[in-house]
Amino acid sequence: MTRSDPSPAPAAGTQPEEADRLREMLRERGYQKVLLFSALIGVPVSLAAFWFLAGLHELEHVLWSELPAHLGRSSPPWWWPLPLLALAGLVVGLVVRHLPGAGGHVPASGLHAAGLAPQALPGVLLAAAASLPLGAALGPEAPLIALGGGLALLFRDLARAPVTPQSTALLGAAGAAAALSAIFGNPLIGAVILIEVAGVGGPQLFAVMIPALLSSGVGSLVFSGFGRWTGLSPGSLSLKVGVPFPRLDAGDVLWSVLLAVGVAAGVHLLLSVGRAAAGFVSANPVPRTVLVAVASGACASVYALAVDRSPQDVASSGQVALARLAADPHAWSAGALVAVLLCKAVAYALCLGSLRGGPTFPALFLGAAAGVLLAPLPGLGVVPGMAAGMAAASAGALRLPVSSVVLVVMVLGSAAMTPVVILAAVIAFVTVELLPPGRAVPPMGKPAGPPAARPAATWSAGSGHRPGPAGRRR
């Protein structure tokens, strides 16, 4: 990244050292107020995120478990995703056409830093509630970033706190981190993701990291305590691997390299298809969103008819299917793995360009399924293949290698696979960066008013502020 500051470089010896600049920033009264506010907003933001996730989880359970049971079926029939995703497409299309913010950013463009205006929140929540429980092959992390960042800015406005580019950026990051802390099962992951999305370094990194980490920790405490009190579960992403963690050997390392290249190239292709689907939908949002959403539902129906398994393996975020796969990878036949990879990959690409959600969860499942499918290769184990596949798919979809490493290690609950996770994430990131970037996602829907500053804004202690890099656009 390059700075946009046109001022001449200071003479030698006049530029404060990095540590001195950090101390100056921490002494600033304005930054101290941001830290205090970050801790305070962690409570209401995490409560809102808890009820949002719990509501999505309960609605998904009703639609995919209770209703089929009332019809005398142990699992949803093959045609079940078609009407649900048609309804999802209709609601999202109407949100895109009529509400500010177009329901949030298009998932095919990756994760965005928290910068959505508060007035766009109703559309974001409605589009996510229509997409995720009804069978979109997407995750909840992108709506959570928008929810947390938007609520933080809303609370700031209600408190009549001073509005500056720095406070907007830092509070948006802190609110988003607080909302993310539960869905990934660890407060550290939310802070790391927001730091890497922001794309800052030096004192700028600490300026964003400290409020995000503080608010994320408070949010995690509220999530865990409130979950025990209510008995509800927001469905955090954590795995119980049902097979032993082996010792890594040369075969695991070699196959992890090849697996990372292949998975990254595949995920890059899916994102390109998703951007093409977004371009198709943008011309006429309502009917075309319905059409593409039903096509993704057809992928789930084809999978159910082909292997006689639940269509929810394809028509969902992949969180439940990933937990089942990790708990008993040998229960999936090679045919079932091939079928779920092909059908979910197509459904994922279509949902990336049409519905609303995040790209992380389905990518993790696809990477894990690819690793389990290739585990019989000589020298490759099931757990190393799964770990390398998840790391490569996450890094390929998000282009955030550090976040991908932290996420996969935390999800696995063990550091035993860290070497192959790091190797796969780095190789996947390099692979997608070297591939052609493809077309950009077209803008859709009504604007949500003046855009809020991104978390990458620089906090410059003692001398006003200076806009930093605006983050990477994906």
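Visitor: Which residues does S404 touch, not counting residues up to four places away in sequence?
Guide: Keep in mind that this is a predicted model. S404 lies in helix α15, residues 401-412. Setting aside residues up to four places away in sequence, S404 touches A391, S394, A395 and A425.

Visitor: Is S404 buried or exposed?
Guide: The cut-off for buried is under 20% relative accessible area. S404 has a relative accessible area of 0%, so it counts as buried.

Visitor: Which residue has its backbone nitrogen 3.1 Å from a polar atom of the S404 side chain?
Guide: A polar contact needs a pair of N or O atoms within 3.5 Å. The partner here is also one of the residues that S404 touches. With its backbone nitrogen 3.1 Å from a polar atom of the S404 side chain, it's A395.

Visitor: Over to α10 and α12: how do they run, roughly parallel or roughly antiparallel?
Guide: Helix α10 covers residues 285-307 and helix α12 residues 334-354, and their axes come within 9 Å. Those axes cross at roughly 175°, and angles over 145 degrees count as roughly antiparallel. The two helices are therefore roughly antiparallel to each other.

Visitor: How many charged residues are in the contact of α10 with α12?
Guide: On the α10 side you'll find T289, V292 and Y303, among others, meeting α12 residues that include G335, V340 and L350. The contact divides into 15 nonpolar residues and four polar ones, and the number of charged residues is: no charged.

Visitor: How far apart are the end C-alpha atoms of α9?
Guide: Helix α9 takes in residues 250-282, 33 residues in all. D249 caps its N-terminal end, with a side-chain oxygen 3.2 Å from the backbone nitrogen of G251.

Visitor: Why is α13 described as largely enclosed by the rest of the structure?
Guide: Helix α13 runs over residues 360-374 and reaches 21 Å from its first C-alpha to its last. It's largely enclosed because, of its 15 residues, the number buried is 13.

Visitor: What is the C-alpha to C-alpha distance between A88 and A136?
Guide: A88 lies in helix α3, residues 81-98, and counts as buried at 0% relative accessibility. Leaving aside neighbours within four places in sequence, A88 is in contact with A130, S131, L134 and L355. A136 is 48 residues from A88 in sequence, yet in space, C-alpha to C-alpha, the distance is 8.1 Å.

Definitions and conventions. Residues are numbered from 1 along each chain as its sequence is written. This is a predicted model: local features need pLDDT of at least 70, side-chain atom pairs count only at pLDDT 80 or more; totals for chains, interfaces and linings use all residues. Side-chain values use heavy atoms; hydrogens and water are left out. Axes are lines fitted to C-alpha atoms, for helices over the stretch in contact, and angles run from 0 to 180 degrees between N-to-C directions. Helices (H or I, at least four residues) and strands (E, at least two) are DSSP runs, numbered from the N terminus. Angles under 35 degrees count as roughly parallel, over 145 as roughly antiparallel, 65 to 115 as roughly perpendicular and the rest as oblique. Contact means heavy atoms within 4.5 Å. Ala, Val, Leu, Ile, Met, Phe, Trp, Tyr, Cys and Pro count as nonpolar, Asp, Glu, Lys and Arg as charged, and the others, Gly among them, as polar. The expected span of a helix is 1.5 Å times one less than its number of residues. A polar contact is a pair of N or O atoms within 3.5 Å; within protein, one must be able to donate a hydrogen and the other to accept it, and residues adjacent in sequence count only if both atoms are side-chain atoms. Buried means under 20% relative accessible area, exposed over 50%, partly exposed in between (1.4 Å probe, protein chains only).
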